[in-house]
Number of protein chains: 2
Amino acid sequence: MTDDLDLRAFIRDIPDFPKPGIVFKDITPLLLDARAYDHAVGALAEYARPLDVDVVLAAEARGFIVGGALARELGAGFAPARKRGKLPSETISAEYVLEYATDVLELHADALAGGARVLVHDDLLATGGTTRATIELIERLGGTVVGCAYLIELAFLGGRRSLGGYDVHALVAYDEE
Amino acid sequence: MTDDLDLRAFIRDIPDFPKPGIVFKDITPLLLDARAYDHAVGALAEYARPLDVDVVLAAEARGFIVGGALARELGAGFAPARKRGKLPSETISAEYVLEYATDVLELHADALAGGARVLVHDDLLATGGTTRATIELIERLGGTVVGCAYLIELAFLGGRRSLGGYDVHALVAYDEE
(Lines give C-alpha, C1' and ligand atoms only; values in the text may rest on other atoms or scores of the structure.)
Protein backbone atom coordinates (compact mmCIF):
# COMPACT_ATOMS: atom_id res chain seq x y z
CA MET A 1 0.00 0.00 0.00
CA THR A 2 2.87 2.32 0.85
CA ASP A 3 5.34 0.50 -1.39
CA ASP A 4 5.44 3.40 -3.81
CA LEU A 5 6.46 5.84 -1.09
CA ASP A 6 9.78 7.52 -1.89
CA LEU A 7 11.69 7.94 1.36
CA ARG A 8 14.19 10.28 -0.33
CA ALA A 9 11.50 12.94 -0.39
CA PHE A 10 11.61 12.95 3.43
CA ILE A 11 15.41 13.28 3.80
CA ARG A 12 16.78 16.78 3.46
CA ASP A 13 20.29 18.08 2.83
CA ILE A 14 21.66 20.54 5.39
CA PRO A 15 24.77 22.18 3.93
CA ASP A 16 27.76 22.92 6.19
CA PHE A 17 26.59 20.83 9.16
CA PRO A 18 28.17 19.91 11.50
CA LYS A 19 30.97 21.90 9.83
CA PRO A 20 31.76 23.76 6.60
CA GLY A 21 31.90 21.53 3.52
CA ILE A 22 29.82 18.69 4.98
CA VAL A 23 26.31 18.06 3.65
CA PHE A 24 24.27 16.47 6.45
CA LYS A 25 21.40 14.09 5.65
CA ASP A 26 18.61 15.14 8.00
CA ILE A 27 16.05 12.41 8.71
CA THR A 28 13.81 14.46 11.02
CA PRO A 29 11.20 15.07 8.25
CA LEU A 30 11.02 11.28 7.75
CA LEU A 31 10.54 10.64 11.47
CA LEU A 32 7.89 13.34 11.72
CA ASP A 33 5.72 11.99 8.90
CA ALA A 34 3.74 9.10 10.39
CA ARG A 35 3.33 7.34 7.04
CA ALA A 36 6.99 7.64 6.00
CA TYR A 37 8.17 6.61 9.46
CA ASP A 38 5.90 3.56 9.57
CA HIS A 39 7.01 2.62 6.08
CA ALA A 40 10.72 2.88 6.94
CA VAL A 41 10.45 0.74 10.08
CA GLY A 42 8.31 -1.79 8.20
CA ALA A 43 10.80 -2.02 5.33
CA LEU A 44 13.74 -2.62 7.69
CA ALA A 45 11.70 -5.26 9.53
CA GLU A 46 10.94 -6.98 6.23
CA TYR A 47 14.69 -7.24 5.58
CA ALA A 48 15.45 -8.43 9.11
CA ARG A 49 12.60 -10.87 9.78
CA PRO A 50 14.24 -13.89 8.08
CA LEU A 51 17.41 -13.26 10.14
CA ASP A 52 15.68 -14.45 13.33
CA VAL A 53 16.88 -11.52 15.45
CA ASP A 54 17.05 -11.79 19.26
CA VAL A 55 18.37 -8.27 19.92
CA VAL A 56 18.50 -5.02 17.96
CA LEU A 57 21.59 -3.06 18.97
CA ALA A 58 22.02 0.61 18.09
CA ALA A 59 24.50 3.34 18.99
CA GLU A 60 23.28 6.60 20.49
CA ALA A 61 21.50 8.77 19.77
CA ARG A 62 19.66 8.86 16.42
CA GLY A 63 19.93 5.07 16.03
CA PHE A 64 17.81 4.63 19.15
CA ILE A 65 14.65 5.96 17.48
CA VAL A 66 14.14 3.56 14.59
CA GLY A 67 16.10 0.89 16.49
CA GLY A 68 13.56 0.94 19.30
CA ALA A 69 10.65 0.63 16.88
CA LEU A 70 12.39 -2.07 14.86
CA ALA A 71 13.11 -4.22 17.92
CA ARG A 72 9.46 -4.21 18.88
CA GLU A 73 8.30 -4.95 15.33
CA LEU A 74 10.66 -7.96 15.24
CA GLY A 75 9.62 -9.21 18.68
CA ALA A 76 13.24 -8.70 19.77
CA GLY A 77 14.89 -6.97 22.70
CA PHE A 78 16.90 -3.75 22.39
CA ALA A 79 20.43 -3.01 23.60
CA PRO A 80 22.00 0.48 23.52
CA ALA A 81 25.65 1.16 22.71
CA ARG A 82 26.63 4.47 24.28
CA LYS A 83 29.43 6.99 24.56
CA ARG A 84 31.85 6.71 27.47
CA GLY A 85 30.36 6.90 30.96
CA LYS A 86 26.69 6.85 29.98
CA LEU A 87 25.85 3.21 30.76
CA PRO A 88 25.45 2.66 34.50
CA SER A 89 26.56 -0.95 35.00
CA GLU A 90 29.75 -2.82 34.09
CA THR A 91 30.76 -2.18 30.47
CA ILE A 92 33.16 -3.25 27.78
CA SER A 93 34.42 -0.61 25.37
CA ALA A 94 35.90 -0.16 21.89
CA GLU A 95 37.65 2.80 20.30
CA TYR A 96 36.80 4.01 16.85
CA VAL A 97 38.29 6.61 14.59
CA LEU A 98 36.54 9.83 13.66
CA GLU A 99 37.87 12.26 11.10
CA TYR A 100 40.32 14.01 13.41
CA ALA A 101 40.03 12.08 16.66
CA THR A 102 38.99 8.83 18.28
CA ASP A 103 35.87 8.14 20.29
CA VAL A 104 34.77 5.31 22.55
CA LEU A 105 31.64 3.19 22.42
CA GLU A 106 30.48 1.11 25.39
CA LEU A 107 28.16 -1.83 25.85
CA HIS A 108 26.92 -3.38 29.08
CA ALA A 109 28.95 -6.51 29.79
CA ASP A 110 25.67 -8.41 30.40
CA ALA A 111 23.90 -6.95 27.33
CA LEU A 112 23.91 -10.19 25.35
CA ALA A 113 23.27 -13.76 26.33
CA GLY A 114 25.94 -15.96 24.71
CA GLY A 115 24.98 -16.78 21.16
CA ALA A 116 22.34 -14.04 20.83
CA ARG A 117 21.52 -13.18 17.21
CA VAL A 118 22.07 -9.43 16.91
CA LEU A 119 20.92 -6.93 14.29
CA VAL A 120 23.02 -3.77 14.24
CA HIS A 121 21.05 -0.64 13.37
CA ASP A 122 22.05 2.93 12.72
CA ASP A 123 20.32 5.72 10.85
CA LEU A 124 23.29 6.23 8.53
CA LEU A 125 26.13 4.12 7.13
CA ALA A 126 29.06 6.40 6.29
CA THR A 127 32.60 5.03 6.59
CA GLY A 128 31.41 2.19 8.85
CA GLY A 129 33.60 3.10 11.82
CA THR A 130 30.79 3.12 14.38
CA THR A 131 29.41 -0.18 13.07
CA ARG A 132 32.83 -1.87 13.17
CA ALA A 133 33.27 -0.82 16.82
CA THR A 134 29.75 -2.06 17.57
CA ILE A 135 30.43 -5.42 15.92
CA GLU A 136 33.67 -5.79 17.88
CA LEU A 137 31.75 -5.31 21.14
CA ILE A 138 28.99 -7.75 20.17
CA GLU A 139 31.44 -10.47 19.19
CA ARG A 140 33.53 -10.02 22.35
CA LEU A 141 30.33 -10.80 24.29
CA GLY A 142 29.72 -13.96 22.25
CA GLY A 143 26.90 -12.53 20.14
CA THR A 144 26.42 -13.26 16.44
CA VAL A 145 25.91 -10.32 14.08
CA VAL A 146 23.21 -11.46 11.66
CA GLY A 147 22.89 -8.19 9.77
CA CYS A 148 23.36 -4.42 9.69
CA ALA A 149 20.33 -2.28 8.81
CA TYR A 150 20.37 1.44 7.96
CA LEU A 151 17.96 4.05 6.73
CA ILE A 152 20.68 5.71 4.62
CA GLU A 153 23.93 4.59 3.02
CA LEU A 154 26.48 7.12 1.77
CA ALA A 155 27.77 4.61 -0.77
CA PHE A 156 30.64 6.86 -1.95
CA LEU A 157 32.30 6.55 1.47
CA GLY A 158 32.86 2.80 1.16
CA GLY A 159 31.35 1.72 4.47
CA ARG A 160 29.76 -1.40 2.98
CA ARG A 161 33.11 -2.60 1.63
CA SER A 162 34.70 -2.08 5.06
CA LEU A 163 32.01 -4.39 6.51
CA GLY A 164 32.83 -7.21 4.09
CA GLY A 165 31.48 -10.52 5.34
CA TYR A 166 28.51 -8.95 7.13
CA ASP A 167 25.06 -8.63 5.63
CA VAL A 168 24.36 -4.93 5.00
CA HIS A 169 21.01 -3.41 4.06
CA ALA A 170 20.06 0.25 3.56
CA LEU A 171 16.74 1.69 2.47
CA VAL A 172 18.17 4.68 0.60
CA ALA A 173 21.66 4.88 -0.95
CA TYR A 174 23.37 8.03 -2.19
CA ASP A 175 26.06 7.42 -4.82
CA GLU A 176 27.60 10.88 -4.63
CA GLU A 177 27.88 13.74 -2.21
CA MET B 1 -1.92 -12.09 28.11
CA THR B 2 1.08 -10.25 29.51
CA ASP B 3 -1.00 -8.17 31.90
CA ASP B 4 0.46 -9.96 34.90
CA LEU B 5 4.01 -9.06 33.94
CA ASP B 6 5.76 -7.05 36.67
CA LEU B 7 7.98 -4.46 34.98
CA ARG B 8 9.71 -3.71 38.30
CA ALA B 9 11.50 -7.03 38.00
CA PHE B 10 13.26 -5.65 34.90
CA ILE B 11 14.43 -2.35 36.43
CA ARG B 12 17.60 -2.54 38.51
CA ASP B 13 19.12 -0.17 41.02
CA ILE B 14 22.69 0.98 40.35
CA PRO B 15 24.05 2.63 43.51
CA ASP B 16 26.29 5.70 43.23
CA PHE B 17 25.58 6.41 39.56
CA PRO B 18 26.15 8.91 38.03
CA LYS B 19 27.65 10.09 41.32
CA PRO B 20 27.97 9.03 44.98
CA GLY B 21 24.66 8.92 46.84
CA ILE B 22 22.45 8.64 43.75
CA VAL B 23 20.62 5.36 43.06
CA PHE B 24 20.12 5.07 39.31
CA LYS B 25 17.14 3.17 37.89
CA ASP B 26 18.59 1.14 35.02
CA ILE B 27 16.03 0.15 32.36
CA THR B 28 18.43 -1.79 30.11
CA PRO B 29 17.20 -5.20 31.42
CA LEU B 30 13.64 -4.14 30.52
CA LEU B 31 14.68 -3.10 27.01
CA LEU B 32 16.62 -6.30 26.48
CA ASP B 33 13.76 -8.63 27.40
CA ALA B 34 11.55 -8.82 24.30
CA ARG B 35 8.41 -9.63 26.31
CA ALA B 36 8.90 -6.90 28.93
CA TYR B 37 9.81 -4.37 26.25
CA ASP B 38 6.76 -5.19 24.14
CA HIS B 39 4.58 -5.04 27.23
CA ALA B 40 5.90 -1.62 28.27
CA VAL B 41 5.41 -0.04 24.84
CA GLY B 42 1.94 -1.59 24.59
CA ALA B 43 0.93 -0.30 28.03
CA LEU B 44 2.04 3.26 27.21
CA ALA B 45 0.18 3.05 23.88
CA GLU B 46 -2.95 1.93 25.71
CA TYR B 47 -2.74 5.08 27.85
CA ALA B 48 -2.04 7.35 24.87
CA ARG B 49 -4.41 5.97 22.22
CA PRO B 50 -7.49 7.94 23.38
CA LEU B 51 -5.40 11.14 23.32
CA ASP B 52 -5.34 11.13 19.50
CA VAL B 53 -1.60 11.80 19.25
CA ASP B 54 -0.08 13.31 16.08
CA VAL B 55 3.54 13.41 17.29
CA VAL B 56 5.51 11.68 20.06
CA LEU B 57 8.26 14.00 21.27
CA ALA B 58 11.15 12.75 23.41
CA ALA B 59 14.41 14.22 24.67
CA GLU B 60 17.69 12.46 23.96
CA ALA B 61 18.93 9.88 24.46
CA ARG B 62 17.12 7.13 26.44
CA GLY B 63 13.70 8.61 25.64
CA PHE B 64 14.32 7.97 21.94
CA ILE B 65 14.12 4.17 22.34
CA VAL B 66 10.61 3.65 23.71
CA GLY B 67 9.53 6.96 22.14
CA GLY B 68 10.35 5.65 18.68
CA ALA B 69 8.43 2.44 19.26
CA LEU B 70 5.51 4.26 20.84
CA ALA B 71 5.15 6.68 17.91
CA ARG B 72 4.89 3.81 15.47
CA GLU B 73 2.42 1.90 17.63
CA LEU B 74 0.21 5.01 17.79
CA GLY B 75 0.48 5.72 14.04
CA ALA B 76 2.11 9.03 14.97
CA GLY B 77 5.26 10.81 13.86
CA PHE B 78 8.30 11.28 16.09
CA ALA B 79 10.18 14.50 16.91
CA PRO B 80 13.48 14.56 18.85
CA ALA B 81 14.41 17.23 21.39
CA ARG B 82 18.19 17.40 21.63
CA LYS B 83 21.04 19.03 23.50
CA ARG B 84 22.58 22.19 22.07
CA GLY B 85 24.06 21.98 18.58
CA LYS B 86 22.86 18.47 17.71
CA LEU B 87 19.87 19.32 15.49
CA PRO B 88 21.01 20.40 12.03
CA SER B 89 18.31 22.85 10.92
CA GLU B 90 16.88 26.01 12.49
CA THR B 91 16.00 25.48 16.17
CA ILE B 92 14.31 27.06 19.13
CA SER B 93 15.77 26.40 22.58
CA ALA B 94 14.87 26.37 26.27
CA GLU B 95 17.06 26.30 29.35
CA TYR B 96 16.38 23.97 32.22
CA VAL B 97 17.91 23.56 35.63
CA LEU B 98 19.96 20.56 36.68
CA GLU B 99 21.16 20.00 40.21
CA TYR B 100 24.22 22.27 39.97
CA ALA B 101 23.94 23.79 36.52
CA THR B 102 21.64 24.62 33.63
CA ASP B 103 21.36 22.79 30.33
CA VAL B 104 19.70 23.61 27.02
CA LEU B 105 17.19 21.62 25.01
CA GLU B 106 16.51 22.38 21.34
CA LEU B 107 13.71 21.55 18.94
CA HIS B 108 13.59 22.10 15.18
CA ALA B 109 11.57 25.24 14.48
CA ASP B 110 9.56 23.28 11.88
CA ALA B 111 9.11 20.20 14.09
CA LEU B 112 5.39 20.72 14.67
CA ALA B 113 2.62 21.80 12.40
CA GLY B 114 0.48 24.38 14.23
CA GLY B 115 -2.03 22.64 16.46
CA ALA B 116 -0.29 19.27 16.45
CA ARG B 117 -1.35 17.03 19.34
CA VAL B 118 1.88 16.05 21.08
CA LEU B 119 2.65 13.28 23.55
CA VAL B 120 5.79 13.94 25.60
CA HIS B 121 7.75 10.79 26.44
CA ASP B 122 10.76 10.15 28.63
CA ASP B 123 12.01 7.02 30.31
CA LEU B 124 11.96 8.64 33.75
CA LEU B 125 10.03 11.42 35.51
CA ALA B 126 12.21 12.86 38.28
CA THR B 127 11.83 16.56 39.18
CA GLY B 128 10.14 17.28 35.83
CA GLY B 129 12.72 19.84 34.63
CA THR B 130 13.32 18.24 31.26
CA THR B 131 9.61 17.81 30.64
CA ARG B 132 8.84 21.43 31.54
CA ALA B 133 11.49 22.64 29.07
CA THR B 134 10.08 20.28 26.44
CA ILE B 135 6.53 21.54 27.00
CA GLU B 136 7.73 25.15 26.72
CA LEU B 137 9.25 24.39 23.32
CA ILE B 138 6.15 22.55 22.07
CA GLU B 139 3.81 25.34 23.08
CA ARG B 140 6.03 28.05 21.56
CA LEU B 141 5.61 26.19 18.24
CA GLY B 142 1.83 26.12 18.62
CA GLY B 143 1.58 22.44 19.57
CA THR B 144 -0.83 21.07 22.18
CA VAL B 145 0.57 18.79 24.88
CA VAL B 146 -2.05 16.05 25.27
CA GLY B 147 -0.11 13.94 27.78
CA CYS B 148 3.23 12.96 29.31
CA ALA B 149 4.11 9.24 29.37
CA TYR B 150 6.96 7.65 31.33
CA LEU B 151 8.23 4.19 32.11
CA ILE B 152 9.23 5.25 35.63
CA GLU B 153 8.17 7.97 38.07
CA LEU B 154 10.28 8.86 41.09
CA ALA B 155 7.20 10.06 42.95
CA PHE B 156 9.17 11.35 45.97
CA LEU B 157 10.78 14.04 43.77
CA GLY B 158 7.48 15.77 43.06
CA GLY B 159 7.75 15.96 39.26
CA ARG B 160 4.06 15.22 38.75
CA ARG B 161 3.06 18.13 40.97
CA SER B 162 5.36 20.46 39.04
CA LEU B 163 3.48 19.44 35.86
CA GLY B 164 0.09 20.39 37.30
CA GLY B 165 -2.49 20.81 34.55
CA TYR B 166 -0.89 18.25 32.24
CA ASP B 167 -1.95 14.64 32.04
CA VAL B 168 0.86 12.47 33.47
CA HIS B 169 1.10 8.68 33.24
CA ALA B 170 3.89 6.35 34.43
CA LEU B 171 4.01 2.56 34.31
CA VAL B 172 6.04 2.12 37.49
CA ALA B 173 6.18 4.57 40.41
CA TYR B 174 8.69 4.52 43.28
CA ASP B 175 7.50 6.20 46.44
CA GLU B 176 10.87 6.36 48.15
CA GLU B 177 14.51 6.36 47.21
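# Exercises on strands, helices and rings

Ile92(A) has Leu107(A) in β6(A) as its bridge partner. The strand names come from DSSP runs numbered from the N terminus: helices are H or I runs of at least four residues, and strands are E runs of at least two. The model is predicted, and local features need pLDDT of at least 70, side-chain atom pairs count only at pLDDT 80 or more, while totals for chains, interfaces and linings use all residues. Residues are numbered from 1 along each chain as its sequence is written, chains are lettered from A and ligands numbered from 1 in the order in which they are written, and side-chain values use heavy atoms, with hydrogens and water left out.

**Exercise 1.** Determine how β5(A) and β6(A) run and how many bridges join them, then state which strands form the edges of the sheet in chain A.

*Solution.* 
Step 1. Strands of a sheet pair through backbone hydrogen bonds, either parallel or antiparallel. Two strands count as paired if DSSP finds at least two bridges between them.
Step 2. β5(A) and β6(A) are antiparallel, with seven bridges joining them.
Step 3. The open sheet of chain A has seven strands in the order β5-β6-β4-β3-β7-β8-β9, and its pairing is mixed.
Step 4. β5 and β9 (168–174) of chain A are the edge strands, since each pairs on one side only.
Step 5. On average, neighbouring strands of this sheet are turned by 20° against each other, direction ignored. Such angles use axes, which are lines fitted to C-alpha atoms (for helices, over the stretch in contact), and run from 0 to 180 degrees between N-to-C directions.

**Exercise 2.** Is the pairing of β3 (residues 55–59) and β4 in chain B parallel or antiparallel, and which residue stands opposite Val55(B)?

*Solution.* 
Step 1. In chain B the order of the open, seven-stranded sheet is β5-β6-β4-β3-β7-β8-β9, with mixed pairing.
Step 2. β5 (91–97) and β9 (168–174) of chain B each have a single partner strand, so one side of each lacks a neighbour in the sheet.
Step 3. β3(B) and β4(B) pair in the parallel sense, over five bridges.
Step 4. The residue opposite Val55(B) is Gly77(B) in β4(B).

**Exercise 3.** Classify the ring pairs Phe17(B) with Phe24(B) and Phe64(B) with Phe78(B).

*Solution.* 
Step 1. A pair of aromatic rings is described by the distance of the centres and the angle of the planes. Rings of Phe, Tyr and Trp (its six-membered ring) pair if their centres lie within 6.5 Å; planes under 30 degrees apart are stacked, over 60 edge-to-face, and the rest tilted.
Step 2. There are four aromatic pairs over all chains. In one of them, the centres of Phe17(B) and Phe24(B) are 5.1 Å apart and the planes stand at 80°, so the pair is edge-to-face.
Step 3. Phe64(B) and Phe78(B) have centres 5.8 Å apart and planes at 90°, so this pair is edge-to-face.
Step 4. This pair links distant parts of the chain, 14 residues apart: Phe64(B) belongs to helix α3 (residues 63–74) and Phe78(B) to strand β4 (residues 77–83) of chain B.
Step 5. Phe64(B) is buried at 0% relative accessible area, and Phe78(B) is buried at 0%.

**Exercise 4.** Locate the cis peptide bond of chain A and describe the phi of Asp16(A).

*Solution.* 
Step 1. The cis bond joins Glu60(A) and Ala61(A), with omega about -10°.
Step 2. Ala61(A) is in the loop between β3 and α3 (63–74) of chain A.
Step 3. Asp16(A) is not a glycine, and its phi is positive, near 60°.
Step 4. Asp16(A) is in the loop between β1 (12–15) and β2 (23–26) of chain A.

Note on methods:
Buried < 20%, exposed > 50% of the residue type's maximum accessible area, 1.4 Å probe, protein only.
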